[in-house]
Amino acid sequence: MPHPVLSLHNVTVFQDNRVILTNVNLEVSQGEFIYIIGKTGSGKSSLMKTLYADLPLVEGRAEIVDFDLAKLKESQIPFLRRKIGIVFQDFKLLPDRNVRENMLFVLRATGWKEQSRMDDKINEVLGLVDLRNFEKKMPHQLSGGEQQRVAIARALLNDPELILADEPTGNLDPQTSGEVMETLRKINANGKTIIMATHDYALIMKFPSKTLKVESATLFEVVQRTV
């Protein structure tokens with residue numbers, strides 16, 4: 001049986017002392033691809049922020065990649081985030097550095113030292129997103145889809161057990177969104193667990209997978225209709 005990478009039991013998600021979600025129960029196994037859908041402002045991002053410890057867990061039990069969020073110390077947060085790859089809607093690439101330098105920044109910040117190993121890792125992850133010849137390009141020279149694929153490659157640098165993608169296609173047109181989804185599904189097919197928050201229902205219909213919905217401060221599974 002696949003090892004669970006995420007277990008939530010009776011979790012309440014707070015932001016600014018306000019309840020966003022209540023009684024969240026979820027178990028995610030290794031290798032799953034799960035959508036979290038819901039309207040803008042419904043709580044998808046707050047749940048994601050709780051998972052990567054940007055918001056503290058104050059009620060309920062939660063284990064993610066072998067970290068207990070209820071007992072997590074601030075000093076442990078960087079170690080948690082090395083085991084989680086995070087992909088944001090707005091890419092968050094450093095604009096004054098080229099693609100390779102963006103990658104090197106993350107590797108050095110997470111303790112990598114040996115240059116040859118860093119070079120090999122950068123080549124590997126850029127190959128996974130079909131951008132191997134883009135090392136020297138600056139972010140402004142890339143399309144939105146290319147920037148997001150660089151961001152996905154960056155999320156893979158430390159070989160994470162889980163990828164959290166928060167509205168990764170939110171700033172992209174439908175065709176480019178499809179290309180980014182193809183990249184994420186390929187990575188998932190290679191064994192990576194992915195949880196993706198989105199409000200793009202057309203994308204979910206095109207790339208169906210297990211889907212959870214945030215509505216009225218609750219999280220529940222929805223069954224997709226097949227045509």
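**Group meeting: salt bridges, a hairpin and a buried threonine**

Okay, let's start with Glu215: at 37% relative accessibility it is partly exposed, where buried means under 20% relative accessible area, exposed means over 50%, and partly exposed is in between, using a 1.4 Å probe and protein chains only. Before I go on, this is a predicted model, so local features need pLDDT of at least 70 and side-chain atom pairs count only at pLDDT 80 or more, while totals for chains, interfaces and linings use all residues. Residues are numbered from 1 along each chain as its sequence is written, and side-chain values use heavy atoms, with hydrogens and water left out.

Back to Glu215. Its salt-bridge partner is Lys213, with the closest N and O atoms 3.3 Å apart. By salt bridge I mean a side-chain nitrogen of Lys or Arg within 4 Å of a carboxyl oxygen of Asp or Glu. There is also a network here: salt bridges that share partners join Asp66, Lys83 and Glu161.

How many salt bridges does that rule give? The count comes to eleven. One of them links Asp90 and Lys92, with the closest N and O atoms at 3.6 Å. Asp90 is partly exposed at 43% relative accessibility, and Lys92 is partly exposed at 46%. Another pairs Asp96 with Arg97, at 3.8 Å between the closest N and O atoms. Here Asp96 counts as exposed, with a relative accessible area of 57%, whereas Arg97 is partly exposed at 30%.

Now the hairpin. Strand S1 (residues 4-15) and strand S2 (residues 18-29) pair in the antiparallel sense over eight bridges. For pairing, DSSP has to find at least two bridges between the strands; the strands are DSSP runs of E, at least two residues, and helices are runs of H or I, at least four, numbered from the N terminus. If you want a landmark, Ser7 stands opposite Glu27 in S2. The hairpin has two residues between the strands, and Asp16 takes a positive phi near 55°.

Last stop, Thr50. Is Thr50 buried or exposed? It counts as buried, because its relative accessibility is 4%. You'll find Thr50 in helix H1, residues 44-51. Leaving out residues up to four places away in sequence, Thr50 touches Val13, Leu55, Leu57 and Leu69, where contact means heavy atoms within 4.5 Å. And if you like a C-alpha distance, Thr50 and Val223 are 173 residues apart along the chain, with their C-alpha atoms separated by 25 Å.
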